[in-house]
Amino acid sequence: MGVIETARNKLFNTANFEVLRSYWEIGRLIIEEEQNGADRAAYGMQVVELLSIRLQSVYSKGYNKTNLWYMRQFYKQFDNLHALRGELSWTHYRLLLKIEEKAARTFYMEEAVIGNWNTRTLERQINSFFYERMLMSPKESRHEVRNEAESRKIVMQPGDIIKDPYVLDFLGIEKTYTLYEKELEQLLISKLQEFLLELGKGFSFVTRQYRITTEESSKHFHVDLVFYNYILKCFLLIDLKTTELNHQDIGQMDFYVRYFEDKVRQKDDNPTIGLILCTKKDKTIVNYSLLNDSKQIFASKYRLYLPTEDELTKELEREKHEIETEKSLERIG
């Protein structure tokens, strides 16, 4: 298992570093282009806006103006590409960019790697002035400050890595297109790097269409996508649905997870997580199924494109109405 873990970690760090490298290079190009302009401030905004339009037309909305400004700042504050740490995600670095002092940034970067901090822990340590307290403490008592900081480390739980919804706009699917599950799976595989970024930190791809065969009747079942998260040290099984979630989907995922727990999971692995990606969820089905209190099985919606402002407003109003209705029913009950 040690060899496998090392290989998985190396694979993730290499892929993650390449993402950071691309963002750093984009930041460098923006700065260099700005230096050719007479009015750097105004010209810089124009460069970012034009570049954002070009990149989003080819790739995804992850290259919006806000993110491009972060990339510009990323290049300015981390001027040595080879000093970047592949163990940290882009979200880690966006937090580090808020720290003005270079020594403090370097300190938090190294501590995050050594302590395997997730982004929530890094943010908490920054907000608690961990660096400043270490500087102010005598050398002989700094271990006490470090121990205190370690006690505040937030341990990730399975639910922490699950998003709802997932935005799959990088697939470039038209709104009117009728999508089938096999097509969705193939598109995600073809855009695997973008999908790994959307899933979050620590994921590596294992396989697709993992076959499960029953012993007595030799029936075959297939898990659409299998990933492994090296931070939580567990498998993530994904079942893709291009329709609304139903109770059969939940039962099927429960079967997959139980099988992996018995046949695939190693003794050093944590419990397997199952995720059903669907277009819509009925709250009644969620509330009165094992999804309601399960720590291993989840269902999330996915969006093939980002909502417009009107669609977002309607969605917020709908959720507000549902919450108010639930509160009214609770008061009546």
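The following dialogue reads selected features of a predicted model.

Q: Which strands pair with strand β6, and in which sense?
A: Strand β1 (residues 166-167) pairs with β6 in the parallel sense over two bridges. Strand β5 (residues 273-278) also pairs with β6 in the parallel sense, over five bridges. Individual partners can be named for each pairing: Tyr 166 has Tyr 302 of β6 as its bridge partner, and Leu 275 stands opposite Phe 298 in β6.

Q: Is strand β6 mostly covered or mostly uncovered?
A: Strand β6 spans residues 297-303 and is mostly covered, with five of its seven residues buried.

Q: Where is Lys 241 found, and is Lys 241 buried or exposed?
A: Lys 241 is found in the loop between β4 and α11 (247-263). With a relative accessible area of 10%, Lys 241 counts as buried, because the limit for that class is under 20%. Neighbours within four places in sequence aside, the residues in contact with Lys 241 are Glu 181, Asp 249, Gln 252, Ile 276, Leu 277, Cys 278, Thr 279 and Tyr 302.

Q: How is a pair of aromatic rings described, and how many aromatic pairs are counted here?
A: The description of such a pair rests on the distance of the centres and the angle of the planes. The count in this model comes to 17 aromatic pairs. One of them is edge-to-face: Phe 221 and Phe 255, 5.1 Å centre to centre with 70 degrees between the planes. This pair links distant parts of the chain, as Phe 221 lies in strand β3 and Phe 255 in helix α11, 34 residues apart.

Q: Why is the pair of Phe 255 and Tyr 256 called tilted?
A: The planes of these two rings stand at 45 degrees, with the centres of Phe 255 and Tyr 256 5.9 Å apart, so the pair is tilted. Tyr 256 itself is buried, at a relative accessible area of 1%.

Q: Which residues form one aromatic cluster?
A: Tyr 23, Phe 74, Phe 78, Trp 90 and Tyr 93 form one. The charged end of Arg 105 sits over the ring of Phe 78, 5.7 Å from its centre.

Q: Which residues touch the most other members of the largest nonpolar core?
A: Among its 39 residues, these are Leu 68, Phe 74, Leu 84, Tyr 93, Leu 96 and Tyr 108. The elements giving two or more residues to this core include α1 (2-34), α2 (40-58) and α3 (65-77). Helix α1 gives the most, with eight residues. Another core, of 26 residues, lies apart from this one and has Ile 162, Phe 170, Phe 227 and Leu 236 among its members.

Technical notes:
Residues are numbered from 1 along each chain as its sequence is written. This is a predicted model: local features need pLDDT of at least 70, side-chain atom pairs count only at pLDDT 80 or more; totals for chains, interfaces and linings use all residues. Side-chain values use heavy atoms; hydrogens and water are left out. Buried means under 20% relative accessible area, exposed over 50%, partly exposed in between (1.4 Å probe, protein chains only). Helices (H or I, at least four residues) and strands (E, at least two) are DSSP runs, numbered from the N terminus. Two strands pair if DSSP finds at least two bridges between them. Contact means heavy atoms within 4.5 Å. Rings of Phe, Tyr and Trp (its six-membered ring) pair if their centres lie within 6.5 Å; planes under 30 degrees apart count as stacked, over 60 as edge-to-face and the rest as tilted. A charge sits over a ring if NZ of Lys or CZ of Arg is within 6 Å of the ring centre and within 35 degrees of the ring normal. A nonpolar core is a set of buried Ala, Val, Leu, Ile, Met, Phe, Trp, Tyr and Cys residues joined through side-chain atoms within 4.5 Å.
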